Amino acid sequence: MTGTAPLRLALDGAALIANWRWLDAQSGRAACGAAIKADGYGLGARPVLDRLADAGCRDFFVTTWDEVRALGALPDGLSLSVLHGVRDADMAEATTARARPTLNTVEQVKRWKLAGGPTCDVMVDTGMNRLGIAVQDVADGLLDGLNIDTLLSHLASADEDVPQNAQQRTAFAALAGRTGARRMSLANSAGICLGPDYHFDLTRPGLALYGGIPRGEAAGHIAQVAHPQAQVIQRRRIGPGQSVGYNATFTAERAMELAILNIGYADGYLRGFSNRGSAGGGRFPVIGRVSMDLIAIAVDADPAIAEGDWIALDYALPEASAQSGLAQYELLTTLGHRFDRVWM
Ligand SMILES: *Cc1c(COP(=O)(O)O)cnc(C)c1O
């Protein structure tokens, strides 16, 4: 491994690919794409794209045109969609770029038609009330004259078993053949787990690619991809009655051995892990409050740990989510800029 920072994100490329392959297989006859927005959920959009493209993934999703630019030149034969569509300010780029917008609003559709824009995608709202044109607007002919690659909708509660899932699916399925779109796409990671009724022509997982478990069906099939590691700055001994860290939220009942690690909430290891997180596969509990740049862990279990050693934080997403109170998504997207991101 290369890199010189005192903290690194070890990224498991084989796990990323295996996760995509599982999601692709679960997607059945539908193609399986990849959401690489927010810099590949914090892991690095370009290295994720390169690895998944090599594995056979053809459809990628980002949020903004800034994210398109950040990807640089793309390999041939890939499809890239910009989920937030086009503002006026994006039009020059959007009508010439290798990416296409996902049009979300009546204004965006009009803007695209007026400019005679090339192929686009369109998002329809089937009940999330976040982005997307109304089903009624489709019926009223708003999309007539557009050259649509993929018609999308987005599930609001696919990680739960609630009637809203089937309601959205039914509303979306009713649009089949109504728009001239070449493909239809509804399912995110959790939606893939809901079964074949939800897959349509193209699925769009994000979270599960990166090791998130969106629903029980994925447990045991999805592997951790991002492994934060930090170097020990100092090993120190504290006595009974001594406290640790800001606001002394931990007081030792006995003599203890601590290691102070070069990572903190500025790196995305947020304060929810204070007195709750762990490292070394559960052997080293986090002691006291997480600071901006530092944490303390108890290392009584390993007398050999010393300055300069690398310690792996426990960051399997479902467990880390339970420890910290953060969503699995937040655990990924808050990972900071001080890590060396090192693909294994
Ligand atoms: C982020 C996003 C996805 C991916 O969702 P996950 O829950 O991370 O799998 C798919 N579609 C849209 C429209 C999104 O915004």
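Mentor: Helices (H or I, at least four residues) and strands (E, at least two) are DSSP runs, numbered from the N terminus. This is a predicted model, where local features need pLDDT of at least 70, side-chain atom pairs count only at pLDDT 80 or more, and totals for chains, interfaces and linings use all residues. Residues are numbered from 1 along each chain as its sequence is written, and side-chain values use heavy atoms, with hydrogens and water left out.

Trainee: Which elements each supply at least two residues of the lining of the largest pocket?
Mentor: A pocket is an open set of points on a 1 Å grid over the protein atoms alone, where a 1.4 Å probe fits, with protein on both sides within 12 Å along at least five of seven lines; lining residues have an atom within 4 Å of a point. Here 36 residues form the lining, with K37 and Y329 among those nearest the centre. The elements are α2 (37-41), β7 (120-125), α9 (189-193) and α11 (328-333).

Trainee: How is the pair of F172 and F200 classed?
Mentor: Rings of Phe, Tyr and Trp (its six-membered ring) pair if their centres lie within 6.5 Å; planes under 30 degrees apart count as stacked, over 60 as edge-to-face and the rest as tilted. The whole structure has five aromatic pairs. For F172 and F200, the centres are 4.9 Å apart and the planes at 75 degrees, so the pair is edge-to-face.

Trainee: How many residues apart in sequence are the parts that this pair ties together?
Mentor: F172 belongs to helix α8 (residues 163-173). F200 is in the loop between α9 and β11 (202-203), so the separation is 28 residues.
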